[in-house]
Structure formats: C-alpha cells, structure tokens
Amino acid sequence: LIADEIAKGIVEQDKEVTVKVYNIAKTDKNDVITEIFRSKMVVVGSPTVGNDMLSSIAGFLHFLKELKMKKKKAATFGCYGWTGEAADKISQYLEKAGYSIVAPSLKNKWNPDKEGLKTARDYGQKLASY
C-alpha cells in the first residue's frame with residue numbers, strides 16, 4: 001500500500017516520470033536491477049521484522065551493492081510495530097553502496113490508515129522534486 005501511494009505521489013507531481021513498483025520477493029531480481037540501471041532514483045521499503053528488514057530485501061541490497069552503480073538517488077520507507085529500524089537500515093546500506101539518500105525515511109506505525117496513505121503520497125510528491 002505505501003509503495004503504491006508513494007508512486008501515485010511521484011506521478012501526481014511529475015506526469016513525465018515513469019514509476020514502477022516491484023515486490024522483490026515475487027519478481028526476478030535481474031528484471032528489477034535492469035530497471036534500476038535505467039533509473040535516476042530507487043525507493044526501497046520493508047517492514048521491520050525482528051529489528052531489521054526482510055531477508056529478501058537484505059539479499060537484494062547486497063546484490064545491488066555489488067553492481068556499484070553510480071549517480072543514483074534513493075529513498076526508503078517501512079512499516080513497524082515496535083521499533084522501526086528497517087527503513088533506516090536500508091538507507092544506511094544504500095548510502096554505503098554509493099547511493100545519495102535524498103530524504104529521511106518514511107515510517108508508518110502498523111498498517112497505514114487514511115492519514116498514513118496521505119503521508120506516503122505526500123512523500124512521493126516530495127521525492128519527485130529530486
């Protein structure tokens with residue numbers, strides 16, 4: 001839900017941009033990497049589970065780091081129940097991989113309600129300006 005709202009916000013702000021949303025657990029990582037290679041920005045999210053990101057995201061980020069892409073921007077988001085570390089850990093990992101983090105992580109406690117979805121859309125609109 002949050003990823004879709006961020007995407008809507010980006011498109012509302014910049015009708016010329018193409019936004020693609022992927023579930024890394026269900027999509028071939030090579031297809032996602034190809035799109036990232038063509039993109040100026042990547043927005044990565046994960047719920048916090050066991051004080052960390054999902055293992056599928058961690059594995060993907062490791063693969064992404066090995067490719068050493070240059071001049072890419074990034075932002076992160078995530079839901080949490082107790083502590084909310086996942087989004088910040090993703091940001092740190094992307095920064096170490098050479099990505100420029102353009103905005104603080106968007107965090108939503110539990111599943112997003114109407115206000116949380118609006119916040120995600122606003123976040124997307126902000127990202128469109130980078």
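Visitor: How is a pair of aromatic rings described?

Guide: A pair of aromatic rings is described by the distance of the centres and the angle of the planes. Rings of Phe, Tyr and Trp (its six-membered ring) pair if their centres lie within 6.5 Å; planes under 30 degrees apart count as stacked, over 60 as edge-to-face and the rest as tilted. Searching the whole structure gives one aromatic pair. The ring centres of W82 and W110 are 5.6 Å apart and their planes stand at 80°, so this pair is edge-to-face.

Visitor: Where do W82 and W110 lie?

Guide: W82 is in the loop between β2 (73-80) and α4 (86-96), and W110 is in the loop between β4 (106-109) and α5 (114-127), so the pair ties together parts 28 residues apart in sequence. Helices (H or I, at least four residues) and strands (E, at least two) are DSSP runs, numbered from the N terminus.

Visitor: Is W82 buried or exposed?

Guide: Buried means under 20% relative accessible area, exposed over 50%, and partly exposed in between (1.4 Å probe, protein chains only). W82 is exposed, at 73% relative accessibility, while W110 is partly exposed at 47%.

Visitor: Which ring does K29 lie over?

Guide: A charge sits over a ring if NZ of Lys or CZ of Arg is within 6 Å of the ring centre and within 35 degrees of the ring normal. K29 lies over the face of F63, 4.1 Å from the ring centre. K65 has its charged end over the ring of Y93, 5.5 Å from the centre.

Visitor: What should I know about the numbers?

Guide: Residues are numbered from 1 along each chain as its sequence is written, and side-chain values use heavy atoms, leaving out hydrogens and water. In this predicted model, local features need pLDDT of at least 70, side-chain atom pairs count only at pLDDT 80 or more, and totals for chains, interfaces and linings use all residues.
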